[in-house]
Amino acid sequence: MAKNVIEVKGLSKKYRIGKSEKHSDTLVDVILSGIKSPFTNFKKIQNLSRLDRDEDTVSWALRDVSFDIKQGDVIGIIGHNGAGKSTLLKILSRITEPSEGEVHIRGRVAALLEVGTGFHPELTGRENIYMNGTILGMRKYEIDRKLSEIVDFSGVEKYLDTPVKFYSSGMRVRLGFSVAAHLEPEILIIDEVLAVGDAEFQKKCLGKMDSVSKQGKTVVFVSHDMTAVGVLCSRGILLEGGKIEKAGEMPDIITHYLTIANTIELNINEQYRLNIRNDENDFVLESFIITTTDGIQVIQTGQQVNFCVRYSCINTNLLLKLDVSLTFKSELGEKLFVIDNILNDSRSPASSTSIVFSVEQFPLLPGKYGIDIWIANRGKQFIYIKDQIQFNVAQVNFLGQGNLKTSQRHGYFNAGFKVEYSQ
């Protein structure tokens, strides 16, 4: 049975935040404020070490967080901005101390939390590799053995003997990740910094983290990319407001997170309230509305989903034979499928003010997606909205099969198959 390499018990972290100063409105207030200021400043200095005395100035980044991570686990930590993810990783990496609770870590930890974390800007890339290896407790001959592999992976061989302060942010991330992943850590902690790299390097990083996990090492990965955590991580933790909202199997955690995201962010009847004009043709795209047949604001794989485009035009002749197209894309911008009124030869009448596309069994699996809207008349473009509209698919309930254990590790689409056995 695998042993626990990370144990977190009752972990809390609080910070002092600034308070707005009271401003003097009259000459008398200014004089009184000047008289009181020495006493006021003395009181502020006293309170700097007394976080509990003034709750108005205290913000809890984490509150009573407890969990265990076993050797060889690949854990994804997700949550909205401000949920406490980065604070948790800083505590696990021993960069900051907790205000309350305990953290027990067994093993050598390598962390990449920010661009260039642990690098000395005046030292060269080569010198920083040896410095980081030494901090991790490695001998020089061990670092020598790994050096060429680190350099090849990072792709900064040409600049290896250049001070890191002259590196671009992407170069620092590539070298930082390569050092963290190759210097044989027992626990690898990675924050959202991979977003700085290009798509090719992100793919390399995910492959390396997968390789590290298969060697029995432990990986803790924080990301907003549900596709990446879904593919890489077997288990997950969802943080919300500094507390653990849910922990368990990664597909379940992603589904729960996207359900919360839909409830908070995807107000279907208001999210895409638009007023986009094409003054040349007096054409206005008024709104884009997503509705579901059951009326709830959570899109599920396999349910009927309606996409309504509302528009208006002073010249009604321009509404005749209007071309309306919706392009569905992955979070990475890949085109998945297109629906439009041209494909089924259903051109709009001149009296129309809206068009509704109904997808009877929505095929996309849980994840985050985008929609591009293109509107034209006889090939002449009126409106084109690209990379602005996003939505979540939160659950799977396909053809009455119930909530299936699927995520984007299974791809983007559910084909709606059945399974039969015979002898």
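Strand E1 (residues 4-16) and strand E2 (residues 58-70) run antiparallel to each other and pair over 9 bridges, where pairing requires that DSSP finds at least two bridges between the strands. This is a predicted model, in which local features need pLDDT of at least 70 and side-chain atom pairs count only at pLDDT 80 or more, while totals for chains, interfaces and linings use all residues. Residues are numbered from 1 along each chain as its sequence is written, and side-chain values use heavy atoms, with hydrogens and water left out.

**Strand pairing**

**Thr87 in helix H2**
- Thr87 lies in helix H2 (residues 85-92) and is buried, with a relative accessible area of 14% (buried means under 20%, exposed over 50% and partly exposed in between, with a 1.4 Å probe and protein chains only).
- Apart from neighbours within four places in sequence, Thr87 is in contact with Lys13, Tyr15, Ala61 and Leu62, contact meaning heavy atoms within 4.5 Å.

**Ile35 in helix H1**
- Ile35 belongs to helix H1 (residues 27-47) and, with a relative accessible area of 53%, is exposed.

Notes. Helices (H or I, at least four residues) and strands (E, at least two) are DSSP runs, numbered from the N terminus.
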